Amino acid sequence: MKQALVDDTEDVSLDFGNEEELAFRKAKIRHPLATFFHLFFRVSAIVTYVCCDWFSRSFVGCFVTVLLLLSFDFWSVKMSPNSVAATEAEARIFWLGLIICPVIWIVFFFSTLFSLKLKWLALVVAGISLQAANLYGYILCKMGGESDISKVTASFLSQTVFQTVGAEA
């Protein structure tokens, strides 16, 4: 009788994946400096644009400061094939920052356009251009190259044209 109990309590190894890999992916932030600067330059450019009239009356100074901050952001976060992979938290922070900031600049565009502050419109358009170029570049990297995004774009445009033609007929 005791023999049956010993067999039932035998340790069984369950394979839920590589424990080291799971622990690595669950780690909070493995690249704190890159994560900080990715958000710092983007948020600093937005805050500088919003608070520019409080700090300085010089349009040129504000324009140059915002463009420099956006340029620093453009070059601060680079992908390297030899670097350690990003964690889920870092990837989420990266993509949210990459998507939300251009949306904020688009809101600034409409705000500036409707308030007729045309000299600030040039700065907002430059901000949108730099942020959109950064987003476009990382989407290309994520999708694996320019040929894939061209196919996706061509497919989308052809579907849109056929749907529009089909709806009119």
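**Figure 1. Threonine 35 is a buried residue of this predicted model.** Its relative accessible area is 14%. That value is under 20%, so threonine 35 counts as buried. Threonine 35 sits in helix H3. Which residues does threonine 35 contact, leaving aside its neighbours within four places in sequence? They are Ile29, Glu90 and Ile93.

**Figure 2. Helices H3 and H4 pack against each other.** Two packed helices are described by the angle between their axes and the distance between the axes. Helix H3 spans residues 32–55, and helix H4 spans residues 59–76. Their axes lie 8 Å apart, at an angle of about 165°. The crossing of H3 past H4 is left-handed.

**Figure 3. Residues from both helices make the contact between H3 and H4.** H3 supplies Phe37, His38, Phe41, Arg42, Ser44, Ala45, Thr48, Tyr49 and Cys52. H4 supplies Cys62, Thr65, Val66, Leu69, Leu70, Phe72, Asp73 and Ser76. How do the residues of this contact divide into nonpolar, polar and charged? Ten are nonpolar, five are polar and two are charged.

**Figure 4. Phenylalanine 41 and phenylalanine 72 form a tilted aromatic pair.** A search of the whole structure finds 16 aromatic pairs. In the pair shown here, the ring centres of phenylalanine 41 and phenylalanine 72 are 5.6 Å apart. Their planes meet at 55°, so the pair is tilted. The two residues link distant parts of the chain. Phenylalanine 41 belongs to helix H3 and phenylalanine 72 to helix H4, 31 residues apart. Phenylalanine 72 is partly exposed, with a value of 43%.

**Figure 5. Phenylalanine 94 and tryptophan 95 form an edge-to-face pair.** A pair of aromatic rings is described by the distance of the centres and the angle of the planes. For phenylalanine 94 and tryptophan 95, the distance is 5.3 Å centre to centre. The angle between their planes is 85°. Phenylalanine 94 is buried, with a relative accessible area of 13%. Tryptophan 95 has a relative accessible area of 23%, so it counts as partly exposed.

**Figure 6. Six aromatic residues form one cluster.** Which residues make up this aromatic cluster? They are Tyr49, Phe59, Phe63, Trp105, Phe108 and Trp120. Tyr49 also takes part in the contact of H3 with H4.

Methods. Residues numbered from 1 in each chain as written. Predicted model: local features only at pLDDT ≥ 70, side-chain atom pairs only at ≥ 80, totals over all residues. Heavy atoms only, no water. Axes fitted to C-alpha atoms, helices over the stretch in contact; angles between N-to-C directions. Helix = DSSP H or I, 4+ residues; strand = E, 2+ residues; numbered from the N terminus. Left-handed = near helix turned anticlockwise from the far one by under 90°. Contact = heavy atoms within 4.5 Å. Nonpolar A, V, L, I, M, F, W, Y, C, P; charged D, E, K, R; others polar. Phe/Tyr/Trp six-rings, centres within 6.5 Å; stacked < 30°, edge-to-face > 60°. Buried < 20%, exposed > 50% of the residue type's maximum accessible area, 1.4 Å probe, protein only.
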